[in-house]
Amino acid sequence: MIPISNRQVKTRTYHLIFAQGGEYGGCYARIYAKNVDRAREEAITRYGLKNYGGIEINEERARALIKAFRLKEVTA
């Protein structure tokens, strides 16, 4: 059995969709984190609470939203 301290958790890519009324309206950002909670914390600390729209977990849905709303990527 592998001890919990030696287990490696895969880093996943999450898509942050910004709020429409915020500074980054009409944009999205990629966030790399180990789970959704850490991705939310990272998004709020990096871009601020008023710009936070939501984290999209499903990559296919994120691509569909980006294409449908013609969102532009923000690089930090």
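**Note on the predicted 76-residue chain**

1. The chain contains 2 helices and 4 strands (DSSP runs numbered from the N terminus, a helix being H or I with at least four residues and a strand being E with at least two). Read from the N terminus, the order of these elements is β-β-α-β-α-β. The model is predicted: local features need pLDDT of at least 70, side-chain atom pairs count only at pLDDT 80 or more, and totals for chains, interfaces and linings use all residues. Residues are numbered from 1 along each chain as its sequence is written, and side-chain values use heavy atoms, with hydrogens and water left out.

2. Overall figures. The accessible surface of the chain is about 5800 Å², and carbon and sulfur atoms hold 48% of this area (Shrake-Rupley method with a 1.4 Å probe; for residues, only the protein chains shown count as cover). Among the 76 residues, 30% are buried (under 20% relative accessible area; exposed is over 50% and partly exposed is in between, with a 1.4 Å probe and protein chains only). Of the contacts with a separation of 6 or more, 51% are between residues 24 or more positions apart (a contact being heavy atoms within 4.5 Å).

3. The sheet. The 4 strands make an open sheet with the order β3-β1-β2-β4 and mixed pairing (two strands pair if DSSP finds at least two bridges between them). Strands β3 and β4 are at the edges, each pairing on one side only. Strands β2 and β4 run parallel and are joined by 2 bridges. Across from Glu73 in β4 stands Tyr28. As background, strands of a sheet pair through backbone hydrogen bonds, either parallel or antiparallel.

4. The core. The largest nonpolar core has 13 residues; Tyr14, Leu16, Phe18, Ile31, Ala39, Tyr47 and Ile55 touch the most other members (such a core is a set of buried Ala, Val, Leu, Ile, Met, Phe, Trp, Tyr and Cys residues joined through side-chain atoms within 4.5 Å). The elements giving two or more residues to this core are β1 (12–18), β2 and α1. Phe18, beyond residues up to four places away in sequence, touches Tyr24, Cys27, Tyr28, Ala29, Tyr47, Asn51, Gly53 and Val74. In soluble globular proteins, nonpolar side chains tend to be buried together.

5. How many salt bridges does the whole structure hold? The search finds 5 (a side-chain nitrogen of Lys or Arg within 4 Å of a carboxyl oxygen of Asp or Glu). One of them joins Arg30 and Glu73, with the closest N and O atoms 3.8 Å apart. Arg30 is in strand β2 (residues 27–33) and Glu73 in strand β4 (residues 72–73), so this pair ties together parts 43 residues apart in sequence. Arg30 is partly exposed at 38% relative accessibility, and Glu73 is partly exposed with a relative accessible area of 38%.

6. Glu42 pairs with Arg46 in a salt bridge whose closest N and O atoms are 2.7 Å apart. The two residues are 4 apart in helix α1 (residues 36–47), so about one helical turn separates Glu42 and Arg46. Glu42 is partly exposed at 31% relative accessibility; Arg46 is partly exposed at 38%.

7. Arg63 and Glu59 meet through their side chains in a salt bridge of 3.1 Å, N to O. Both belong to helix α2 (residues 59–69) and are 4 residues apart, so the separation of Arg63 and Glu59 is about one helical turn. Arg63 is exposed, with a relative accessible area of 51%, whereas Glu59 is partly exposed at 43%.

8. Buried polar residues in strands. Glu56, in strand β3 (residues 52–56), is buried with a relative accessible area of 14%. The side chains of Glu56 and Arg61 are joined by a polar contact of 3.4 Å (a pair of N or O atoms within 3.5 Å; within protein, one must be able to donate a hydrogen and the other to accept it, and residues adjacent in sequence count only if both atoms are side-chain atoms). Apart from neighbours within four places in sequence, Glu56 is in contact with Tyr14, His15, Arg61, Ala62 and Leu65. His15 lies in strand β1 and is buried at 6% relative accessibility. With neighbours within four places in sequence again set aside, the contacts of His15 include Tyr28, Arg30, Glu56, Glu59 and Ile66.
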